[in-house]
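Thanks for coming. I will go through a few residues of this structure, one after another. Please have a look at the sequence and the model first.

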Amino acid sequence: MVLLSRIYTRSGDKGRTALGDGSRVDKHDLRVEAYGTVDEANAVIGIARLHAGDDPETDAMLGRIQNDLFDLGAALCTPEREAPPHPPLRIADAQVERLEREIDAMNAGLQPLRSFVLPGGTAAAAHLHLARTVTRRAERLMTALAAGQPVNPAALKYANRLSDHLFVLSRHLNARAGGDVLWVPGANR
């Protein structure tokens, strides 16, 4: 487990940081960018939770996702290795499957889209759209990382499914409040 008795160590003052396996890399390393962006998505989801109100189902889903995102960050900060002495935490297919079940359940109650959705509606939905875009950026960084280094395939699936989940959840919350904010092509010509 984690023991944080001191918050600053000064070990990163020259632009390098430690990965989960103890190796050191530049703070602008693609791996650090990927897990840092996952952390950013997690922070935005925390704000969305504040705006979700007294909806225990939404809060529980987002709480599970926030915990998963710490799992994902831990997985990304520890490079894949053959037969590591201590098996690192990795995203599991079951986490992806849970997202899919939740997406299907929420989507079943929604009207099919006939236009693209503008990010907005309720405050919670707007923050979920922001979290979705940050998650998409994290996914792009993860796929760039995977082009040069091994990345757990379930982690890539999780990031992809999470952005879908956040989109459907934003629609689900907006449906309760009157509906999505729809794009009207060329409306302001």
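I start with T17, which is buried at a relative accessible area of 19%. Buried means under 20% relative accessible area, exposed means over 50%, and partly exposed is in between, with a 1.4 Å probe and protein chains only.

Before going on, the model is predicted: local features need pLDDT of at least 70, side-chain atom pairs count only at pLDDT 80 or more, and totals for chains, interfaces and linings use all residues. Residues are numbered from 1 along each chain as its sequence is written, and side-chain values use heavy atoms, with hydrogens and water left out.

Back to T17, which sits in strand β1, residues 16-18. Strands here are DSSP runs of E with at least two residues, helices are runs of H or I with at least four, and both are numbered from the N terminus. Which residues does T17 contact, leaving aside neighbours within four places in sequence? They are S23, R24, V25, K27, V32 and Y35, where contact means heavy atoms within 4.5 Å.

Next is T37, in helix α1, residues 30-51. T37 has 3% relative accessibility, so this residue counts as buried. Not counting residues up to four places away in sequence, T37 touches V134, R137, A138 and L141.

V181 is 144 residues from T37 in sequence, and their C-alpha atoms are 27 Å apart in space.

Last, W183 lies in the segment after α5 (153-176). W183 has a relative accessible area of 39%, so this residue is partly exposed. That is where I stop.
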